[in-house]
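Here is a short briefing on one protein model. Look at the structure, then work through the points by topic.

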Amino acid sequence: MRETDWMSLAALLMIAVLVVPAALRRNRGVVLRNAALWLALIVALVWVYDRFGPFGN
């Protein structure tokens, strides 16, 4: 990785350290459900792209 990639990753981690705890504290009851729904959606989109996209056989 180049130096700019490492700097971007460090910036993303710093923002996550600031935002994630507040989001978890505020939405304690629904965070896991929302994370599971988003993960399922992303997995489904990746599967559809892999199956029917330009790289599917």
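The bend at a residue is the angle between two fitted axes: one for the seven residues ending there, one for the seven starting there. By that definition, helix α1 bends by about 30° at A16. Keep in mind that this is a predicted model.

**Overall make-up**
- The protein has two helices and zero strands.
- Of its 57 residues, 2% are buried.
- The accessible surface comes to about 5,600 Å². Carbon and sulfur atoms account for 72% of that area.

**Helix α1**
- Helix α1 covers residues 3-26, which is 24 residues.
- From first C-alpha to last, α1 reaches 35 Å. At 1.5 Å a residue, 34 Å is expected, and the two values are close.
- Find A16 to see where α1 bends.

**Helix α2**
- Helix α2 takes in residues 31-52.
- How many of the 22 residues of α2 are buried? The count is zero, so α2 is hardly covered, given that buried means under 20% relative accessible area.

**A nonpolar patch**
- Five names to find are W38, L41, I42, L45 and V46, which form a nonpolar patch on the surface.
- Together they have about 540 Å² of accessible area.
- I42, one of these residues, is found in helix α2.
- Is I42 partly exposed or fully buried? Its relative accessibility is 48%, so I42 counts as partly exposed. The exposed class starts over 50%.
- In general, an α-helix has 3.6 residues a turn, so residues three or four places apart point the same way.

**The aromatic pair**
- A pair of aromatic rings is described by the distance of the centres and the angle of the planes.
- The structure holds one aromatic pair. W47 and F52 form this pair.
- W47 has 51% relative accessibility, so W47 counts as exposed.
- F52 counts as exposed because its relative accessibility is 64%.

Conventions. Residues numbered from 1 in each chain as written. Predicted model: local features only at pLDDT ≥ 70, side-chain atom pairs only at ≥ 80, totals over all residues. Heavy atoms only, no water. Patch = residues over 30% accessible without salt bridge, like charges linked within 9 Å, V, L, I, M, F, W, Y side chains within 5 Å. Areas by Shrake-Rupley, 256 points an atom, 1.4 Å probe, with all protein chains shown as cover. Salt bridge = Lys/Arg side-chain N within 4 Å of Asp/Glu carboxyl O. Helix = DSSP H or I, 4+ residues; strand = E, 2+ residues; numbered from the N terminus. Buried < 20%, exposed > 50% of the residue type's maximum accessible area, 1.4 Å probe, protein only. Expected span 1.5 Å × (residues − 1). Phe/Tyr/Trp six-rings, centres within 6.5 Å; stacked < 30°, edge-to-face > 60°.
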